[in-house]
Amino acid sequence: MSSAGKRTDPNLEPPARGRILLHSCCAPCSAAIIERLSKDGAEFSVFYFNPNIFPREEYELRKSENKKLAESFGVEFIDADWTHGEWLAECGALAGEPERGARCLECFKLRLLKTAEYAARNSYAAFSTTLSSSRWKNIEQVFEAGAFAEKAAGGPKFWARNWRRGGLSERRAQLLRERGFYNQQYCGCEFSAKASAKKRAEPPCAPSSEKP
Ligand code: SF4
């Protein structure tokens, strides 16, 4: 990767000069971001820490897609642990929460805290996350979790970038078609899998009781 000094896109200015650690949730969410940062000559690594994903087979599948993607751009892929027990201990009590509710905020905090701690230990200047690229996520929660992680780790700055802007959402859709990524059916945890399966089982519209 080229140095941060050669970068050209003013919309891609991180809050600190130096290497960036990009937390990635999955290949579909990160494809356009990795491509854009690579083209801009950013010095960055992809950090895969998503112990929320269940079951293990689903986790391995998503990880392998993400690894292949990063490697296709020549970007370092850092494979962190699948600590699902730790994730459940933090987030399991909030099982009944809907998506974008309190469980998701805790889930983001756990993943971004580990990212920030790794970034601090390994001299990255800043960290960011592809979680803010998905319209299914509450971006305010993502930014709140990033700010929490920055403070708790006491090191690198959190780059609160809205990765839906600057044509990235459109490019994401194109790359989904071009690369044919594995089609994820739910956000990641067992609770989102259940909610998603229930939604799919519902008839498209409820029968009307009204007479014509
Ligand atoms: S729905 Fe997604 S973001 Fe929310 S807790 Fe589950 S895996 Fe995490």
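How are α4 and α5 oriented to each other? In this predicted model, the axes of α4 and α5, a helix of residues 139–153, come within 8 Å and cross at roughly 40°. Angles under 35 degrees count as roughly parallel and 65 to 115 as roughly perpendicular; α4 and α5 are therefore oblique to each other. Their crossing is right-handed.

On the α4 side, the contact is made by C104, L105, F108, K109, L112, L113, A116, E117 and A120. Helix α5 contributes Q141, V142, E144, A145, G146, F148, A149, A152 and A153. Sorted by class, the contact of α4 with α5 has 13 nonpolar residues, two polar and three charged.

The next topic is empty space. Rolling a probe the size of a water molecule over the atoms shows where empty space is left. There are two cavities of 30 Å³ or more.

| Space | Volume | Lining residues by class |
|---|---|---|
| Largest pocket | about 940 Å³ | 16 nonpolar, nine polar, 12 charged |
| Largest cavity | about 90 Å³ | six nonpolar, two polar, four charged |
| Second largest cavity | about 40 Å³ | four nonpolar, no polar, three charged |

The lining of the largest pocket consists of 37 residues, and S134, W136, Q184, Y186 and C187 are the ones nearest its centre. Two or more lining residues come from each of α1 (27–39), α4 (102–121), α6 (168–179) and α7 (190–201). Of the elements, α7 provides the largest share, six residues.

Around the largest cavity, the lining is made up of N52, W87, E99, R103, C104, C107, F108, R111, K137, C187, C189 and S192. Helix α4 gives the most to this lining, with five residues.

The second largest cavity is lined by E99, R100, C104, F108, W136, K137 and C187.

How values were computed: Residues are numbered from 1 along each chain as its sequence is written. This is a predicted model: local features need pLDDT of at least 70, side-chain atom pairs count only at pLDDT 80 or more; totals for chains, interfaces and linings use all residues. Side-chain values use heavy atoms; hydrogens and water are left out. On a 1 Å grid over the protein atoms alone, a cavity is a set of points where a 1.4 Å probe fits but cannot get out, and a pocket is an open set with protein on both sides within 12 Å along at least five of seven lines; lining residues have an atom within 4 Å of a point. Grid points are joined across faces, edges and corners, and a volume is the space filled by probe spheres set on the points. Helices (H or I, at least four residues) and strands (E, at least two) are DSSP runs, numbered from the N terminus. Ala, Val, Leu, Ile, Met, Phe, Trp, Tyr, Cys and Pro count as nonpolar, Asp, Glu, Lys and Arg as charged, and the others, Gly among them, as polar. Axes are lines fitted to C-alpha atoms, for helices over the stretch in contact, and angles run from 0 to 180 degrees between N-to-C directions. Angles under 35 degrees count as roughly parallel, over 145 as roughly antiparallel, 65 to 115 as roughly perpendicular and the rest as oblique. A crossing is left-handed if the near helix is turned anticlockwise from the far one by less than a right angle, and right-handed if clockwise. Contact means heavy atoms within 4.5 Å.
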